[in-house]
Amino acid sequence: MAFLSQAQAAPAWFLSLAFLGTLYAAAFSFRLLAHLALCLRRPKDLRRRYGAWAVVTGPTSGIGRSVALELASRGLNLVLVDLNAANLKEIAHTVRSRHAVQTKTVVFDLSLVSTAQGDEAMRRLREAVVGLDVGVLVNNAGVAKPGAVYLHEADVEACVRMMRVNLWALTEVTAAVLPGMLERRRGAVVNMGSASSEAIPSFPLHTMYVAQFSRSLYVEYRSKGIDVQCQAPFYVATRIVSRLAETGRAGRLSMFLIAPTPDAYASAAVRWIGHGPPLCAPNLGHQLLWCLAAVLPDFVHDWLRMREHLQHRALAQRASRRRAGVPITVK
């Protein structure tokens with residue numbers, strides 16, 4: 001009898017692990033069911049809910065281009081903001097040829113924000129949105145450091161340009177559009193971030209995105225009819241990911257098996273506007289990866305990312321030496 005009672009009494013650590021496992025499985029199931037429910041729901045009429053116009057930064061390639069076309073397919077007119085006039089002209093023509101919407105373009109090198117040239121471009125952007133029913137803002141433009149490098153090795157000017165685009169410009173463009181949204185008491189602000197800084201505890205030798213700005217705006221403005229969210233995808237099959245594959249890193253991307261095309265991601269991203277928490281991953285595959293990433297302890301993530309990014313750094317250094325004609329010694 002004593003033997004049976006001891007066998008039947010599960011140790012406390014086992015019960016604790018079972019309880020934590022049950023909680024995680026419940027949270028995983030809830031997120032999955034919530035995502036599936038949204039996919040089955042009729043898409044929100046963004047034009048009726050928020051307004052007739054959308055502002056999109058970085059709309060000439062990748063996710064930004066696909067999001068601009070997706071918004072136009074939902075009947076929204078577009079104010080397109082990018083640094084290249086020729087590329088802006090091309091995407092504006094493509095949008096108008098496919099969808100019966102209007103477009104405006106603003107040439108704006110966001111890396112010049114808070115400079116004299118940037119102030120002039122910001123003035124043109126404010127003038128472009130005056131009198132428009134701007135209901136959606138998509139801050140998509142962003143840049144990263146050129147390769148995996150330690151901070152002391154990085155080009156300081158490149159880092160400053162990166163911060164201007166990823167942080168200062170995002171803040172100033174949002175501030176330029178928010179007053180009209182407040183006046184109409186409706187609007188949606190979508191900031192494109194990255195799972196590298198949200199689902200993963202560290203991403204050494206690479207740039208980071210900041211989601212705190214989005215969370216704070218969400219709290220500040222949700223009572224005023226303005227929805228704010230930061231979308232944080234994992235890999236999307238853009239030209240940046242293609243370049244990673246070309247440099248021999250494709251095998252290292254095998255853990256990110258689900259890399260949607262920009263069009264597929266844009267469809268999910270636009271459907272997600274106005275739904276869910278201020279930090280989200282609209283693509284179902286990315287939702288699953290996010291949950292799987294949460295299983296690993298932080299120190300395991302840190303070790304894996306540092307090991308992988310040091311390999312990226314070594315590849316970049318070898319490529320630089322090869323271009324410079326410096327002999328490469330294989331150890």
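Visitor: How many helices and strands does the chain have?

Guide: The chain has 12 helices and 7 strands. Both are DSSP runs, numbered from the N terminus: helices are H or I with at least four residues, strands are E with at least two. Before we go on, this is a predicted model, where local features need pLDDT of at least 70, side-chain atom pairs count only at pLDDT 80 or more, and totals for chains, interfaces and linings use all residues. Residues are numbered from 1 along each chain as its sequence is written, and side-chain values use heavy atoms, with hydrogens and water left out.

Visitor: What share of the residues is buried?

Guide: Of the 331 residues in the chain, 43% are buried. Buried means under 20% relative accessible area, exposed means over 50%, and partly exposed is in between (1.4 Å probe, protein chains only).

Visitor: Now the sheet. In what order do the strands lie?

Guide: Strands of a sheet pair through backbone hydrogen bonds, either parallel or antiparallel. Here the 7 strands form an open sheet in the order S3-S2-S1-S4-S5-S6-S7, with parallel pairing. At the edges are S3 (103-107) and S7 (279-280), each pairing on one side only. Two strands count as paired if DSSP finds at least two bridges between them.

Visitor: Which helices pack on the sheet?

Guide: One is H8 (residues 212-221), which touches S5 (187-192), S6 (226-231) and S7, its direction making about 165° with that of S6. Another is H10 (residues 262-272), which touches S5, S6 and S7 as well, at about 145° to the direction of S6. Those angles run from 0 to 180 degrees between N-to-C directions, with axes fitted to C-alpha atoms, for helices over the stretch in contact. Contact means heavy atoms within 4.5 Å.

Visitor: Which way do the side chains of S2 point?

Guide: In a regular strand the side chains alternate between the two faces of the sheet. From S2, Asn-77, Val-79 and Val-81 point one way, Leu-78, Leu-80 and Asp-82 the other, and all are buried. S2 (residues 77-82) runs parallel to S3, joined by 5 bridges, and Leu-80 stands opposite Thr-105 in S3.

Visitor: And what lies on the S1 side of S2?

Guide: S1 and S2 run parallel and are joined by 5 bridges. Val-55 stands opposite Val-79 in S2, while Val-56 has Leu-80 as its bridge partner there.

Visitor: Why do the buried residues of H6 line one face?

Guide: An α-helix has 3.6 residues a turn, so residues three or four places apart point the same way. In H6 the buried ones are Gly-118, Ala-121, Met-122, Leu-125, Ala-128 and Val-129. Seen down the axis, they fall within an arc of 115°, so they line one face of the helix; the arc uses the directions from the helix axis to the C-beta atoms. Their cover includes S1, S2, S3, S4 (134-139) and helix H7 (156-184).
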